[in-house]
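These are my notebook entries on a structure that I wanted to read part by part. I wrote down what I looked up and what I found each time.

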Amino acid sequence: MFSPLLVRNGKRAISVIGGGRRGTDALSGVHPTARRFIIDMSYSAHFMDFKGSSIPSSMKKLVVNKLSPNFREAVSMQTAAVPTPGDADLLVRNRFVGINASDINYSAGRYDPSVKPPFDAGFEGIGEVVGLGLSASSRYTIGDTVAYFGSGAFAEYTVVPAKESVPVPAVKAEFLTLLVSGATAYIALKRLGDLAKGETVLVTAAAGGTGQFAVQFAKQAGCHVIGTCSSDEKAGFLKSIGCDRPINYTTEDLAKTLRKEYPEGIDVVYESVGGSVLELAVNSLANKGRLIVIGFISGYQTSSGIPPFKGGTLPVKLLQKSASIRGFFLPHFLSDYREALGSMMQMFVKGKLVCEVDGGEMAEEGRFIGLESVFRAVDYMYAGKNLGKVVVDVAPPSVSNSKL
């Protein structure tokens with residue numbers, strides 16, 4: 001027997017137990033005339049969302065069927081039954097899903113070799129709660145808007161543990177940018193950067209999903225920020241968010257520019273490219289410099305996933321400068337996650353944080369709309385065309401019957 005689900009049927013308000021709000025006791029003995037409690041045991045026949053439109057029996061989702069760094073080769077669109085949330089779960093109708101460089105690491109099976117295909121793809125989504133289990137109703141109710149960081153996001157509907165969901169004020173793509181990209185920059189610089197006012201910080205791929213946040217957080221810490229990018233348009237964007245020295249590496253020699261303009265070296269590097277860029281970053285470190293490796297996208301599409309790196313003299317270089325290289329993998333820092341998200345959301349709401357979203361407005365085939373657009377969006381990001389966080393609009397209002 002499945003755990004009971006709580007539903008609300010349009011005009012005839014069938015209330016979520018205890019109002020479904022935080023700290024409410026469903027069995028508190030409220031007088032029956034004050035609130036009507038209903039547990040729907042026959043949800044399979046009339047499992048309804050809060051607007052009264054029936055949740056379909058099937059949905060589309062993206063599934064990894066073959067391990068490969070080639071996303072199109074590894075992943076396929078499938079039709080599956082809309083999942084049923086368990087007692088402590090939420091059923092979220094996704095509005096936006098985020099594209100990450102690591103999506104192809106996941107499809108290649110690099111994070112957990114023990115996991116074999118088929119498995120669901122996608123790391124992050126934001127949408128509306130359309131179903132939930134009994135225990136989950138103590139914190140959430142139908143119609144709440146939530147964001148989440150977890151597997152299986154590339155789907156029209158996703159079951160998410162309530163404890164792993166983050167309430168958001170509205171279903172805005174900007175909030176989605178914070179879940180992985182923003183959190184990575186916030187926590188990595190806070191925990192590993194040891195930023196001090198007046199230091200020089202280099203952010204590679206600075207106009208990308210996570211780079212944009214590293215630039216802003218380093219500026220907030222009172223640092224001088226250098227940001228690498230691949231176009232004058234991106235350089236202009238970087239200036240607009242406070243980057244002191246954008247470097248378009250397609251028109252300027254990055255190594256020569258750093259040597260000439262920063263002869264004392266770089267105090268902190270936020271590095272996501274790898275390969276020759278990582279080598280340059282190591283060579284550019286100042287005494288006591290810190291290099292934070294948050295990725296190496298230049299190698300993700302290769303069979304090994306690792307770009308070539310000449311590290312034979314690395315111990316000597318680090319010793320000579322009392323420098324360090326520090327790796328950052330977000331799942332290892334989940335104890336910092338809620339504080340980071342809360343802080344960033346406050347900054348965004350107060351207008352103190354820019355969350356640039358790239359929904360494919362400038363892509364050749366147009367905006368990334370519908371789950372099938374995930375494939376285009378991944379290609380677009382790996383072609384280096386994005387400015388900001390790449391986001392797919394799974395269910396725009398014109399084709400959705402909800403407040404999304």
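This is a predicted model: local features need pLDDT of at least 70, side-chain atom pairs count only at pLDDT 80 or more; totals for chains, interfaces and linings use all residues.

**Entry on a glycine in a loop**

I looked up Gly222 and found that this residue lies in the loop between α4 (211–220) and β10 (224–229). I then asked which residues Gly222 is in contact with, leaving aside its neighbours within four places in sequence. The residues I found were Lys197 and Gly198. For Gly198, which is 24 residues apart from Gly222 along the chain, I noted that the two C-alpha atoms are separated by 5.9 Å.

**Entry on the whole protein**

I looked up the elements and found 10 helices and 16 strands in the protein. The protein has 404 residues, and 55% of them count as buried. For the accessible surface I wrote down about 17,900 Å², with 54% of this area belonging to carbon and sulfur atoms. I also looked at contacts with a separation of 6 or more, and 70% of these are between residues 24 or more positions apart.

**Entry on strand β5 and its partners**

Next I looked up strand β5, residues 124–132, and asked how many of its nine residues are buried. The count is nine of the nine, so β5 is largely enclosed by the rest of the structure. Strand β3 (residues 89–98) is joined to β5 by seven bridges, and the two run antiparallel; within this pairing, Asn94 has Gly127 of β5 as its bridge partner. Strand β6 (residues 145–149) also runs antiparallel to β5, with five bridges between them, and here I found Glu124 opposite Phe149 of β6.

**Entry on a sheet of three strands**

I then turned to an open sheet whose three strands come in the order β2-β1-β4, with antiparallel pairing. Its edge strands are β2 (75–81) and β4 (119–120), each of which pairs on one side only. Between β1 (residues 58–64) and β2 I found seven bridges, and Leu62 has Met77 in β2 as its bridge partner.

**Entry on helix α10**

Is helix α10 largely enclosed by the rest of the structure, or largely open? I found that nine of the 10 residues of α10 (residues 373–382) are buried, so the helix is largely enclosed. Among the buried residues are Ser373, Phe375, Arg376 and Tyr380. After α10 comes Gly384, with a positive phi near 75°.

**Entry on the cavity**

I asked which residues line the largest cavity, and found Glu279, Val282, Asn283, Phe309, Lys310, Gly311, Leu314 and Lys317. The elements that give two or more residues to this lining are α7 (276–283) and α8 (314–321), and α7 provides the largest share, three residues. By kind, the lining residues of the largest cavity divide into three nonpolar, two polar and three charged.

Terms used:
Residues are numbered from 1 along each chain as its sequence is written. Side-chain values use heavy atoms; hydrogens and water are left out. On a 1 Å grid over the protein atoms alone, a cavity is a set of points where a 1.4 Å probe fits but cannot get out, and a pocket is an open set with protein on both sides within 12 Å along at least five of seven lines; lining residues have an atom within 4 Å of a point. Helices (H or I, at least four residues) and strands (E, at least two) are DSSP runs, numbered from the N terminus. Ala, Val, Leu, Ile, Met, Phe, Trp, Tyr, Cys and Pro count as nonpolar, Asp, Glu, Lys and Arg as charged, and the others, Gly among them, as polar. Buried means under 20% relative accessible area, exposed over 50%, partly exposed in between (1.4 Å probe, protein chains only). Contact means heavy atoms within 4.5 Å. Accessible areas come from the Shrake-Rupley method with a 1.4 Å probe; for residues, only the protein chains shown count as cover. Two strands pair if DSSP finds at least two bridges between them.
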